[in-house]
Amino acid sequence: MTSKLPTLDPLLHQPARTQIVAFLSGRGEASFTDLKLALEVTDGNLGAHLGKLVEAGLVESHEACAGSRAQTVFSLTPAGRAALKQYVAHLSALMNIGTRKGAKVPALARLNPKS
Amino acid sequence: MADAYRELDSIHSMLALGHRSVRLERHSLLLIGAVGGFLSVGTDWVITKDRFPDQNEHALALLLWLTFWLAGVSLLDHWLTRRARQRRAETLPFAQAQITRAWWMLLSVGTLSSFAMFFYGGGEMIYALWIVLLGLGIYLFGLFSRPLVEWIGIATILLGVLALAAKLPFGATRWLNASCFAIGIPLAGWLAPRVDARSWITRIGVLLVWICAVVAPALLIVKSTPVVSPSGRVLSLGSSAIPGGEQTLRLEPGTRLPLQIDLDGAILTTQPQPALALTLMLPVDLALQDGQPEGRYRLGDGVWRAMHDGGPRLVIDAIKIHMDGSKPEIRVHARLSDRSLSAVRP
(Lines give C-alpha, C1' and ligand atoms only; values in the text may rest on other atoms or scores of the structure.)
Protein backbone atom coordinates (compact mmCIF):
# COMPACT_ATOMS: atom_id res chain seq x y z
CA MET A 1 0.00 0.00 0.00
CA THR A 2 1.42 3.33 -1.03
CA SER A 3 0.31 6.86 -0.23
CA LYS A 4 0.97 10.04 -2.15
CA LEU A 5 2.61 12.41 0.28
CA PRO A 6 1.41 16.00 0.34
CA THR A 7 4.10 18.57 -0.28
CA LEU A 8 4.60 21.03 2.54
CA ASP A 9 5.11 24.69 1.65
CA PRO A 10 8.86 25.17 2.21
CA LEU A 11 8.38 28.81 3.17
CA LEU A 12 5.97 27.95 5.98
CA HIS A 13 7.78 24.79 6.99
CA GLN A 14 9.96 26.73 9.40
CA PRO A 15 8.82 27.02 13.04
CA ALA A 16 9.20 30.80 13.47
CA ARG A 17 7.46 31.59 10.18
CA THR A 18 4.61 29.17 10.90
CA GLN A 19 4.17 30.79 14.28
CA ILE A 20 4.16 34.31 12.80
CA VAL A 21 1.49 33.37 10.27
CA ALA A 22 -0.60 31.48 12.86
CA PHE A 23 -0.39 34.35 15.36
CA LEU A 24 -1.40 36.93 12.73
CA SER A 25 -4.25 34.68 11.64
CA GLY A 26 -5.64 34.69 15.18
CA ARG A 27 -4.93 38.30 16.10
CA GLY A 28 -5.70 40.09 12.85
CA GLU A 29 -2.80 42.50 12.92
CA ALA A 30 0.20 43.09 15.11
CA SER A 31 3.17 45.40 15.46
CA PHE A 32 6.78 44.22 15.44
CA THR A 33 6.80 44.43 19.27
CA ASP A 34 3.58 42.39 19.55
CA LEU A 35 5.13 39.66 17.41
CA LYS A 36 8.42 39.76 19.29
CA LEU A 37 6.63 39.36 22.63
CA ALA A 38 4.45 36.54 21.36
CA LEU A 39 7.22 34.56 19.63
CA GLU A 40 10.01 35.40 22.09
CA VAL A 41 12.61 35.84 19.33
CA THR A 42 15.33 38.41 18.71
CA ASP A 43 14.76 41.51 16.57
CA GLY A 44 17.14 40.27 13.86
CA ASN A 45 15.56 36.85 13.65
CA LEU A 46 12.03 38.20 13.52
CA GLY A 47 12.97 40.87 10.98
CA ALA A 48 14.52 38.29 8.67
CA HIS A 49 11.51 35.94 8.80
CA LEU A 50 9.02 38.79 8.39
CA GLY A 51 11.01 40.01 5.40
CA LYS A 52 10.70 36.61 3.70
CA LEU A 53 6.97 36.40 4.39
CA VAL A 54 6.38 39.93 3.07
CA GLU A 55 8.50 39.20 0.00
CA ALA A 56 6.46 36.05 -0.71
CA GLY A 57 3.22 38.03 -0.40
CA LEU A 58 1.92 36.09 2.62
CA VAL A 59 2.20 39.04 4.99
CA GLU A 60 1.66 42.72 4.28
CA SER A 61 2.64 45.76 6.28
CA HIS A 62 1.21 49.24 6.53
CA GLU A 63 1.97 52.35 8.54
CA ALA A 64 -0.61 53.08 11.22
CA CYS A 65 -0.81 56.46 12.90
CA ALA A 66 0.01 55.99 16.60
CA GLY A 67 -0.03 59.38 18.25
CA SER A 68 2.92 61.48 17.16
CA ARG A 69 4.73 58.67 15.35
CA ALA A 70 3.86 56.10 12.74
CA GLN A 71 3.89 52.40 13.58
CA THR A 72 4.41 49.51 11.20
CA VAL A 73 1.60 47.01 11.50
CA PHE A 74 1.70 43.54 9.94
CA SER A 75 -1.25 41.43 8.84
CA LEU A 76 -1.88 38.34 6.75
CA THR A 77 -2.79 38.70 3.08
CA PRO A 78 -5.54 36.48 1.61
CA ALA A 79 -2.72 34.44 0.06
CA GLY A 80 -1.11 34.07 3.48
CA ARG A 81 -4.37 32.89 5.01
CA ALA A 82 -4.87 30.38 2.21
CA ALA A 83 -1.27 29.19 2.55
CA LEU A 84 -1.71 28.55 6.29
CA LYS A 85 -4.95 26.69 5.67
CA GLN A 86 -3.30 24.52 3.04
CA TYR A 87 -0.26 23.93 5.24
CA VAL A 88 -2.44 22.74 8.12
CA ALA A 89 -4.41 20.52 5.72
CA HIS A 90 -1.18 18.96 4.46
CA LEU A 91 0.07 18.38 8.01
CA SER A 92 -3.24 16.74 8.92
CA ALA A 93 -3.05 14.56 5.81
CA LEU A 94 0.45 13.48 6.78
CA MET A 95 -0.78 12.52 10.23
CA ASN A 96 -3.70 10.58 8.75
CA ILE A 97 -1.33 8.63 6.49
CA GLY A 98 0.85 7.96 9.49
CA THR A 99 -1.98 6.57 11.54
CA ARG A 100 -3.22 4.28 8.75
CA LYS A 101 -2.31 0.70 9.44
CA GLY A 102 0.71 -0.48 7.49
CA ALA A 103 1.44 2.82 5.82
CA LYS A 104 5.02 3.85 5.43
CA VAL A 105 5.48 7.37 6.63
CA PRO A 106 8.74 9.08 5.97
CA ALA A 107 9.94 11.36 8.71
CA LEU A 108 9.13 15.00 8.18
CA ALA A 109 12.78 15.71 8.63
CA ARG A 110 13.42 14.11 5.23
CA LEU A 111 11.37 16.83 3.54
CA ASN A 112 14.38 19.07 4.03
CA PRO A 113 12.64 22.42 4.26
CA LYS A 114 14.49 25.44 2.96
CA SER A 115 14.91 28.02 5.64
CA MET B 1 4.71 11.89 12.71
CA ALA B 2 5.87 13.41 15.96
CA ASP B 3 7.07 16.46 14.05
CA ALA B 4 3.68 16.90 12.38
CA TYR B 5 1.95 16.63 15.74
CA ARG B 6 4.35 19.09 17.29
CA GLU B 7 3.96 21.52 14.43
CA LEU B 8 0.15 21.37 14.49
CA ASP B 9 0.27 21.85 18.23
CA SER B 10 2.52 24.88 17.79
CA ILE B 11 0.17 26.36 15.17
CA HIS B 12 -2.78 25.76 17.47
CA SER B 13 -0.99 27.47 20.37
CA MET B 14 -0.13 30.52 18.28
CA LEU B 15 -3.66 30.74 16.88
CA ALA B 16 -5.02 30.61 20.44
CA LEU B 17 -2.47 33.22 21.53
CA GLY B 18 -3.59 35.43 18.64
CA HIS B 19 -7.28 34.96 19.44
CA ARG B 20 -6.80 35.47 23.17
CA SER B 21 -4.58 38.53 22.84
CA VAL B 22 -6.79 40.92 24.81
CA ARG B 23 -4.90 42.31 27.79
CA LEU B 24 -6.30 44.81 30.23
CA GLU B 25 -3.75 47.34 31.44
CA ARG B 26 -3.13 47.71 35.16
CA HIS B 27 -4.56 51.23 35.14
CA SER B 28 -7.80 49.92 33.56
CA LEU B 29 -8.29 47.40 36.37
CA LEU B 30 -7.62 49.97 39.06
CA LEU B 31 -9.63 52.79 37.48
CA ILE B 32 -12.74 50.75 36.71
CA GLY B 33 -12.52 48.94 40.05
CA ALA B 34 -12.11 52.13 42.10
CA VAL B 35 -14.82 54.12 40.31
CA GLY B 36 -17.27 51.19 40.31
CA GLY B 37 -16.69 50.61 44.03
CA PHE B 38 -17.02 54.30 44.81
CA LEU B 39 -20.28 54.61 42.85
CA SER B 40 -21.73 51.52 44.55
CA VAL B 41 -21.07 52.86 48.02
CA GLY B 42 -21.35 56.60 47.46
CA THR B 43 -24.29 57.07 45.10
CA ASP B 44 -27.02 56.48 47.68
CA TRP B 45 -25.35 58.98 50.02
CA VAL B 46 -24.89 61.70 47.40
CA ILE B 47 -28.06 61.38 45.31
CA THR B 48 -30.56 61.32 48.16
CA LYS B 49 -34.30 61.86 48.33
CA ASP B 50 -33.68 64.77 50.69
CA ARG B 51 -31.59 66.58 48.09
CA PHE B 52 -33.95 65.73 45.24
CA PRO B 53 -37.47 65.41 46.65
CA ASP B 54 -39.06 65.38 43.21
CA GLN B 55 -38.87 61.91 41.65
CA ASN B 56 -38.08 63.20 38.15
CA GLU B 57 -35.27 65.39 39.45
CA HIS B 58 -33.98 62.51 41.56
CA ALA B 59 -33.89 60.20 38.53
CA LEU B 60 -32.24 62.84 36.36
CA ALA B 61 -29.63 63.59 39.02
CA LEU B 62 -28.75 59.91 39.22
CA LEU B 63 -28.53 59.64 35.44
CA LEU B 64 -26.19 62.64 35.24
CA TRP B 65 -24.10 61.43 38.20
CA LEU B 66 -23.58 57.93 36.75
CA THR B 67 -23.01 59.25 33.23
CA PHE B 68 -20.42 61.75 34.45
CA TRP B 69 -18.37 59.15 36.33
CA LEU B 70 -18.72 56.20 34.00
CA ALA B 71 -18.22 58.16 30.79
CA GLY B 72 -15.31 60.00 32.40
CA VAL B 73 -13.55 56.84 33.56
CA SER B 74 -14.19 55.10 30.21
CA LEU B 75 -12.68 57.94 28.19
CA LEU B 76 -9.75 58.32 30.57
CA ASP B 77 -9.07 54.58 30.48
CA HIS B 78 -9.30 54.52 26.67
CA TRP B 79 -6.85 57.40 26.38
CA LEU B 80 -4.40 55.92 28.90
CA THR B 81 -4.56 52.50 27.23
CA ARG B 82 -3.82 53.90 23.77
CA ARG B 83 -0.96 55.97 25.16
CA ALA B 84 0.55 52.98 27.00
CA ARG B 85 0.34 50.81 23.88
CA GLN B 86 1.91 53.52 21.72
CA ARG B 87 4.77 53.96 24.16
CA ARG B 88 5.49 50.24 24.05
CA ALA B 89 5.01 50.17 20.24
CA GLU B 90 2.21 47.64 20.64
CA THR B 91 -1.13 47.61 18.87
CA LEU B 92 -4.59 47.30 20.33
CA PRO B 93 -6.00 44.00 19.03
CA PHE B 94 -9.13 44.28 16.94
CA ALA B 95 -11.01 42.08 19.42
CA GLN B 96 -10.08 44.37 22.32
CA ALA B 97 -11.38 47.45 20.51
CA GLN B 98 -14.70 45.69 19.86
CA ILE B 99 -15.01 44.32 23.40
CA THR B 100 -14.30 47.77 24.82
CA ARG B 101 -17.28 49.05 22.84
CA ALA B 102 -19.42 46.19 24.17
CA TRP B 103 -18.24 47.06 27.70
CA TRP B 104 -19.33 50.66 27.19
CA MET B 105 -22.72 49.39 26.03
CA LEU B 106 -23.05 47.32 29.21
CA LEU B 107 -22.24 50.38 31.33
CA SER B 108 -24.89 52.32 29.38
CA VAL B 109 -27.45 49.56 29.98
CA GLY B 110 -26.69 49.68 33.72
CA THR B 111 -26.96 53.47 33.83
CA LEU B 112 -30.21 53.56 31.86
CA SER B 113 -31.67 50.73 33.96
CA SER B 114 -30.82 52.65 37.15
CA PHE B 115 -32.64 55.64 35.66
CA ALA B 116 -35.61 53.65 34.37
CA MET B 117 -36.21 51.91 37.71
CA PHE B 118 -37.43 55.22 39.11
CA PHE B 119 -40.38 54.99 36.74
CA TYR B 120 -40.87 51.26 36.18
CA GLY B 121 -39.87 49.80 39.57
CA GLY B 122 -37.43 47.03 40.41
CA GLY B 123 -35.04 49.34 42.26
CA GLU B 124 -34.34 46.74 44.92
CA MET B 125 -32.47 44.59 42.43
CA ILE B 126 -30.37 47.38 40.96
CA TYR B 127 -27.08 46.27 42.52
CA ALA B 128 -27.70 42.63 41.59
CA LEU B 129 -28.27 43.82 38.02
CA TRP B 130 -24.98 45.76 38.08
CA ILE B 131 -23.19 42.62 39.34
CA VAL B 132 -24.65 40.60 36.46
CA LEU B 133 -23.67 43.29 33.93
CA LEU B 134 -20.16 43.41 35.37
CA GLY B 135 -19.99 39.62 35.10
CA LEU B 136 -21.05 39.80 31.45
CA GLY B 137 -18.34 42.37 30.76
CA ILE B 138 -15.66 40.27 32.48
CA TYR B 139 -16.86 37.17 30.63
CA LEU B 140 -16.63 38.98 27.29
CA PHE B 141 -13.05 40.05 28.02
CA GLY B 142 -12.29 36.53 29.22
CA LEU B 143 -13.41 35.00 25.92
CA PHE B 144 -10.52 36.80 24.21
CA SER B 145 -8.18 36.85 27.16
CA ARG B 146 -7.22 34.23 29.73
CA PRO B 147 -9.53 31.32 30.65
CA LEU B 148 -9.57 32.25 34.35
CA VAL B 149 -11.04 35.67 33.48
CA GLU B 150 -13.81 33.85 31.60
CA TRP B 151 -14.55 31.72 34.67
CA ILE B 152 -14.52 34.76 36.94
CA GLY B 153 -17.05 36.40 34.61
CA ILE B 154 -19.40 33.43 34.96
CA ALA B 155 -18.87 33.38 38.74
CA THR B 156 -19.74 37.10 38.92
CA ILE B 157 -22.95 36.57 36.93
CA LEU B 158 -23.90 33.73 39.28
CA LEU B 159 -23.14 35.89 42.33
CA GLY B 160 -25.59 38.51 41.05
CA VAL B 161 -28.28 35.93 40.35
CA LEU B 162 -27.72 34.18 43.70
CA ALA B 163 -27.90 37.51 45.56
CA LEU B 164 -31.39 37.95 44.15
CA ALA B 165 -32.45 34.33 44.61
CA ALA B 166 -31.24 34.33 48.23
CA LYS B 167 -33.14 37.60 48.83
CA LEU B 168 -30.01 39.23 50.17
CA PRO B 169 -30.81 42.55 51.87
CA PHE B 170 -30.44 45.62 49.68
CA GLY B 171 -27.46 46.86 51.72
CA ALA B 172 -25.68 43.53 51.30
CA THR B 173 -26.11 43.62 47.50
CA ARG B 174 -24.71 47.14 47.51
CA TRP B 175 -21.56 46.03 49.34
CA LEU B 176 -21.28 42.92 47.20
CA ASN B 177 -21.42 45.08 44.08
CA ALA B 178 -18.77 47.41 45.52
CA SER B 179 -16.60 44.43 46.37
CA CYS B 180 -16.99 42.88 42.90
CA PHE B 181 -15.76 46.12 41.35
CA ALA B 182 -13.14 47.33 43.82
CA ILE B 183 -11.65 43.96 44.81
CA GLY B 184 -12.86 41.59 42.11
CA ILE B 185 -11.59 43.38 39.01
CA PRO B 186 -8.03 44.17 40.17
CA LEU B 187 -7.72 40.73 41.79
CA ALA B 188 -8.87 39.01 38.59
CA GLY B 189 -6.24 40.95 36.62
CA TRP B 190 -3.55 39.99 39.11
CA LEU B 191 -4.46 36.30 39.35
CA ALA B 192 -5.16 35.52 35.68
CA PRO B 193 -1.58 35.59 34.30
CA ARG B 194 -0.28 33.66 37.30
CA VAL B 195 -2.45 30.60 36.74
CA ASP B 196 -2.64 30.69 32.97
CA ALA B 197 -0.64 27.54 32.32
CA ARG B 198 -1.69 25.69 35.46
CA SER B 199 -4.01 22.69 35.71
CA TRP B 200 -7.80 22.92 35.92
CA ILE B 201 -7.74 22.00 39.57
CA THR B 202 -5.41 24.91 40.35
CA ARG B 203 -7.66 27.25 38.38
CA ILE B 204 -10.73 26.05 40.27
CA GLY B 205 -8.87 26.61 43.52
CA VAL B 206 -7.90 30.13 42.47
CA LEU B 207 -11.48 30.81 41.39
CA LEU B 208 -12.70 29.78 44.86
CA VAL B 209 -10.10 32.10 46.41
CA TRP B 210 -11.38 34.92 44.19
CA ILE B 211 -15.01 34.25 45.21
CA CYS B 212 -14.07 34.24 48.91
CA ALA B 213 -12.02 37.43 48.53
CA VAL B 214 -15.02 39.18 46.94
CA VAL B 215 -17.86 37.83 49.06
CA ALA B 216 -16.21 37.81 52.50
CA PRO B 217 -15.54 41.59 52.79
CA ALA B 218 -19.11 42.40 51.70
CA LEU B 219 -20.61 40.03 54.25
CA LEU B 220 -18.21 41.17 56.97
CA ILE B 221 -19.15 44.82 56.42
CA VAL B 222 -22.86 43.99 56.54
CA LYS B 223 -22.40 41.88 59.70
CA SER B 224 -20.22 44.48 61.41
CA THR B 225 -22.60 47.38 60.73
CA PRO B 226 -25.98 46.17 61.94
CA VAL B 227 -28.86 48.58 62.44
CA VAL B 228 -28.67 49.49 66.13
CA SER B 229 -31.79 48.81 68.14
CA PRO B 230 -33.24 51.98 69.62
CA SER B 231 -32.61 52.86 73.23
CA GLY B 232 -35.35 54.21 75.48
CA ARG B 233 -38.65 52.82 76.60
CA VAL B 234 -40.87 50.42 74.72
CA LEU B 235 -44.27 52.01 74.32
CA SER B 236 -47.52 50.46 73.32
CA LEU B 237 -50.12 52.09 71.12
CA GLY B 238 -52.27 52.91 74.11
CA SER B 239 -49.63 55.05 75.83
CA SER B 240 -51.16 58.39 76.61
CA ALA B 241 -48.25 60.73 75.95
CA ILE B 242 -45.11 59.91 74.00
CA PRO B 243 -42.13 61.56 75.64
CA GLY B 244 -39.28 63.21 73.69
CA GLY B 245 -36.11 61.40 72.73
CA GLU B 246 -35.75 57.86 71.42
CA GLN B 247 -38.37 55.20 72.04
CA THR B 248 -39.73 52.02 70.53
CA LEU B 249 -43.38 51.80 69.63
CA ARG B 250 -44.65 48.22 69.66
CA LEU B 251 -47.61 47.41 67.40
CA GLU B 252 -49.21 44.10 68.29
CA PRO B 253 -50.81 41.69 65.78
CA GLY B 254 -54.39 42.64 65.13
CA THR B 255 -53.65 46.37 65.36
CA ARG B 256 -55.74 48.30 62.83
CA LEU B 257 -53.69 50.73 60.78
CA PRO B 258 -55.18 53.10 58.23
CA LEU B 259 -53.38 53.22 54.88
CA GLN B 260 -53.74 56.64 53.31
CA ILE B 261 -53.85 56.39 49.55
CA ASP B 262 -52.51 59.34 47.62
CA LEU B 263 -53.16 58.47 44.02
CA ASP B 264 -51.92 61.03 41.55
CA GLY B 265 -52.25 61.19 37.80
CA ALA B 266 -54.20 62.55 34.84
CA ILE B 267 -56.90 59.86 34.87
CA LEU B 268 -57.93 59.55 38.51
CA THR B 269 -57.51 61.45 41.70
CA THR B 270 -58.12 60.54 45.33
CA GLN B 271 -60.34 63.39 46.48
CA PRO B 272 -61.57 63.03 49.13
CA GLN B 273 -58.57 61.00 50.23
CA PRO B 274 -59.65 57.48 51.20
CA ALA B 275 -58.04 55.34 53.85
CA LEU B 276 -57.80 51.56 53.74
CA ALA B 277 -58.07 49.81 57.08
CA LEU B 278 -55.19 47.34 57.39
CA THR B 279 -54.73 44.77 60.12
CA LEU B 280 -51.25 43.80 61.29
CA MET B 281 -50.51 40.09 61.18
CA LEU B 282 -47.12 40.35 62.87
CA PRO B 283 -45.85 42.38 65.79
CA VAL B 284 -43.96 45.41 64.48
CA ASP B 285 -41.55 47.63 66.41
CA LEU B 286 -41.00 51.18 65.19
CA ALA B 287 -38.16 53.40 66.38
CA LEU B 288 -39.41 56.88 67.29
CA GLN B 289 -37.49 60.09 67.65
CA ASP B 290 -39.42 62.77 69.48
CA GLY B 291 -42.64 60.96 68.73
CA GLN B 292 -42.03 60.48 65.00
CA PRO B 293 -40.85 57.33 63.14
CA GLU B 294 -37.19 57.82 62.21
CA GLY B 295 -36.68 54.94 59.78
CA ARG B 296 -35.76 51.89 61.85
CA TYR B 297 -38.22 49.03 62.24
CA ARG B 298 -38.39 45.38 63.24
CA LEU B 299 -40.80 42.68 62.11
CA GLY B 300 -41.60 40.08 64.77
CA ASP B 301 -38.48 38.91 66.54
CA GLY B 302 -36.30 39.72 63.54
CA VAL B 303 -33.36 42.09 63.44
CA TRP B 304 -33.72 45.85 63.30
CA ARG B 305 -33.64 47.23 59.79
CA ALA B 306 -33.56 50.66 58.23
CA MET B 307 -36.20 51.85 55.77
CA HIS B 308 -33.55 53.35 53.46
CA ASP B 309 -31.86 49.96 53.24
CA GLY B 310 -34.64 48.33 51.25
CA GLY B 311 -37.67 48.48 53.49
CA PRO B 312 -41.11 47.01 52.85
CA ARG B 313 -42.30 47.22 49.26
CA LEU B 314 -45.83 47.54 47.97
CA VAL B 315 -46.00 45.53 44.76
CA ILE B 316 -49.12 45.91 42.64
CA ASP B 317 -49.68 42.61 40.85
CA ALA B 318 -52.82 43.42 38.88
CA ILE B 319 -55.22 46.25 38.09
CA LYS B 320 -58.55 45.18 36.59
CA ILE B 321 -61.78 46.94 35.76
CA HIS B 322 -64.74 44.90 36.95
CA MET B 323 -68.45 45.50 36.40
CA ASP B 324 -70.28 45.47 39.68
CA GLY B 325 -73.84 45.37 38.37
CA SER B 326 -74.02 48.38 36.12
CA LYS B 327 -71.12 50.23 37.79
CA PRO B 328 -67.50 49.79 36.79
CA GLU B 329 -65.12 49.12 39.64
CA ILE B 330 -61.31 49.14 39.73
CA ARG B 331 -59.88 46.13 41.49
CA VAL B 332 -56.25 46.22 42.54
CA HIS B 333 -54.27 43.33 43.97
CA ALA B 334 -51.11 44.30 45.78
CA ARG B 335 -48.65 42.70 48.16
CA LEU B 336 -46.74 44.40 50.93
CA SER B 337 -43.55 42.41 51.19
CA ASP B 338 -40.31 42.67 53.06
CA ARG B 339 -37.11 40.77 52.36
CA SER B 340 -36.59 40.04 56.05
CA LEU B 341 -39.97 38.29 56.33
CA SER B 342 -38.47 34.88 55.56
CA ALA B 343 -36.44 35.18 58.75
CA VAL B 344 -39.43 36.12 60.88
CA ARG B 345 -41.54 33.63 62.77
CA PRO B 346 -45.08 35.00 63.18
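This is a predicted model: local features need pLDDT of at least 70, side-chain atom pairs count only at pLDDT 80 or more; totals for chains, interfaces and linings use all residues.
View 1. Residues are numbered from 1 along each chain as its sequence is written, and chains are lettered from A and ligands numbered from 1 in the order in which they are written. Although Lys167(B) is not a glycine, its phi is positive, at about 50°. Lys167(B) counts as partly exposed because it has 16 C-beta neighbours inside 10 Å; a residue is buried if 20 or more other C-beta atoms lie within 10 Å of its own, exposed if 12 or fewer, and partly exposed in between, with C-beta atoms placed from the backbone.

**View 2. The open sheet of chain B.** Five strands of chain B form an open sheet in the order β1-β2-β5-β6-β7, with mixed pairing, two strands being taken as paired if DSSP finds at least two bridges between them. The edges are formed by β1 (234-236) and β7 (305-306) of chain B, each of which pairs on one side only. β1(B) and β2 (residues 246-251) of chain B run parallel and are joined by three bridges, and Val234(B) has Thr248(B) in β2(B) as its bridge partner.

**View 3. Two hairpins in the sheet of chain B.** β5(B) and β6(B) pair in the antiparallel sense over five bridges, and in β6(B) the residue bridged to Leu288(B) is Pro293(B). Their hairpin has two residues between the strands, and within this hairpin Asp290(B) takes a positive phi near 50°, although Asp290(B) is not a glycine. Asp290(B), found in the loop between β5 (284-289) and β6 (292-299) of chain B, is exposed because 11 other C-beta atoms lie within 10 Å. Further along, β6(B) and β7(B) run antiparallel and are joined by two bridges, with Arg305(B) in β7(B) as the bridge partner of Tyr297(B). The hairpin of β6(B) and β7(B) has five residues between the strands, and in this hairpin Gly300(B) takes a positive phi near 60°.

**View 4. The nonpolar cores.** The largest nonpolar core has 43 residues, of which Ile131(B), Phe141(B), Ile152(B), Leu176(B) and Ala188(B) touch the most other members; such a core is a set of buried Ala, Val, Leu, Ile, Met, Phe, Trp, Tyr and Cys residues joined through C-beta atoms within 7 Å. At least two residues of this core come from each of α2 (26-46), α4 (94-120), α5 (126-143), α6, α7 and α8 (200-224) of chain B, and α5(B) gives the most, with eleven residues. Leaving aside residues up to four places away in sequence, Phe141(B) touches Val22(B), Leu24(B), Ile99(B) and Val149(B), contact meaning that the C-beta atoms of two residues, placed from the backbone, lie within 7 Å. A second, separate core of 24 residues includes Leu12(A), Leu58(A), Phe74(A) and Leu91(A).

**View 5. The contact between chains A and B.** On the side of chain B, 22 residues are in contact with 30 residues of chain A. Helix α1 (residues 2-19) of chain B supplies the largest share of this side, 13 residues. By class, the side of chain B that touches chain A has twelve nonpolar, six polar and four charged residues, where Ala, Val, Leu, Ile, Met, Phe, Trp, Tyr, Cys and Pro count as nonpolar, Asp, Glu, Lys and Arg as charged, and the others, Gly among them, as polar. Chain A has four helices and three strands, which follow the pattern α-β-α-α-β-β-α along the sequence.

**View 6. The two domains of chain B.** Chain B is assigned domain 1 (11-224) and domain 2 (234-343), with bounds that come from an automatic or database domain assignment, and the C-alpha centres of the two domains of chain B lie 37 Å apart. The secondary structure of chain B comes to eight helices and nine strands. Chain B has a radius of gyration of 26 Å, well over the 20 Å that the globule rule gives for 346 residues, so chain B is more spread out than a compact globule; this radius is taken over C-alpha atoms, and the rule is 2.2 Å times the number of residues to the power 0.38. Taken along the principal axes, the C-alpha atoms of chain B fill a box of roughly 90 × 50 × 40 Å.
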